[in-house]
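The following exercises concern the fold of one protein chain. Please work through each task before reading its solution.

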Amino acid sequence: MHIVIPGALPEPEVAAELAPHLAQRAPTLARWLGLGTPRHAACPASETWCTPLEHWLLHASGFTPAQDEHISAGLGPLRLPAPDDEPVWLAELIHMAPSRDGAALLPADTLSIEPGQSAALLEAARDLIDDSGIGLTPETPDTWRVHWPGPMRLACASPALVAVSAVNDWWPQDPAARPWRRLVNGLQMAWHDHPVNLQRQRDGLAPINSLWLYGGARRSQLGRPLPDDLRIETALQAPAVAQDWGGWIEALAGLEQRCFAPLAGAAPTLVLTGRERTVELDTRAGWLRRLRPLDWRRWWCSR
């Protein structure tokens, strides 16, 4: 079994203070951490253009980027197992709002997008899409596949990464992106006072006011399927991003009760992610390691 826990690697300056809480509130996890030999991997956003979780998923899928691609390009075929081997470009429906850093992005998984809302917004944009020469095909309520009129090479960050940073840092400025930027600008105006968004605002929901482009790789660049026994536990991610360490400790205790303790007799492979790094460890230890577990605090509290 693989258990992936985004947000489980706090920065060293706070990890030392959190370690006693981890040992007390999540004893099963603490025992596992002492059984495995950690394998560290750096995944700086400036190189990967995706989150550490996405980076690990792509590595686990055996993704091989082309010479001029960031690893984030593999998110296209990873998210949409297309029947063809054409480049898989995706557009995620998002909310974009002004912020101190220029603009902030709310990804689709925070917006509760209904199928009818997605269909209505697509229909409202039909003329703009036709005029742009770019094709958009709905795949899920929050994701549309993008079809370019010709070959396209464009570096795009994942929406999950942009959501925890700043839009201005990742907004595509390449000249090849001009048709896309022009289309998105038109969509933003068309959707501003669309009935779907007016109703969402009455319901206390953020409007769906833009698209974020990502992906671009081919299905054949994925070397293997993800593990069948993969389990991703995201409870620590939001408090870690917000640096809400009290909330992080409570979420950790919840994970112990709901996930770790029921599996206390298992020996899973753990994947922990931090801001720009991952640690993977196999907890299937021999008898000597079980008698004398490692002091996990040494590596958990360091870079």
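The model is predicted: local features need pLDDT of at least 70, side-chain atom pairs count only at pLDDT 80 or more, and totals for chains, interfaces and linings use all residues. Residues are numbered from 1 along each chain as its sequence is written, and side-chain values use heavy atoms, with hydrogens and water left out.

**Exercise 1. Overall form**

Determine whether the radius of gyration of the protein agrees or disagrees with that of a compact globule.

Solution. 
Step 1. The radius of gyration is taken over C-alpha atoms, and the globule rule is 2.2 Å times the number of residues to the power 0.38.
Step 2. For 303 residues the rule gives a value near 19 Å; the protein has 21 Å, which agrees.
Step 3. The C-alpha trace spans about 70 × 45 × 30 Å along its principal axes.
Step 4. Of the 303 residues, 49% count as buried; here buried means under 20% relative accessible area, exposed over 50%, and partly exposed in between (1.4 Å probe, protein chains only).

**Exercise 2. The largest nonpolar core**

Identify which residues touch the most other members of the largest nonpolar core, and which element gives the most to this core.

Solution. 
Step 1. A nonpolar core is a set of buried Ala, Val, Leu, Ile, Met, Phe, Trp, Tyr and Cys residues joined through side-chain atoms within 4.5 Å.
Step 2. The largest such core has 40 residues, of which W89, L136, V146, W148, W180, L211 and L213 touch the most other members.
Step 3. Two or more residues each come from β3 (89–99), α6 (115–124), β6 (143–147), α10 (178–191) and β7 (210–215); helices (H or I, at least four residues) and strands (E, at least two) are DSSP runs, numbered from the N terminus.
Step 4. Helix α10 gives the most to this core, with 5 residues.
Step 5. Apart from this core lies another, of 31 residues, among them I3, A26, W248 and F260.

**Exercise 3. Salt bridges**

Find which parts of the protein the pair E250 and R25 ties together.

Solution. 
Step 1. A salt bridge is a side-chain nitrogen of Lys or Arg within 4 Å of a carboxyl oxygen of Asp or Glu; the structure holds 9 of them.
Step 2. The side chains of E250 and R25 form one at 3.3 Å, N to O.
Step 3. Because E250 lies in helix α13 and R25 in helix α1, the pair ties together parts that are 225 residues apart in sequence.
Step 4. E250 counts as partly exposed at 48% relative accessibility, and R25 counts as partly exposed at 29%.
Step 5. Another salt bridge joins E233 and R231 (2.7 Å, N to O); E233 counts as buried at 7% relative accessibility, whereas R231 counts as partly exposed at 27%.
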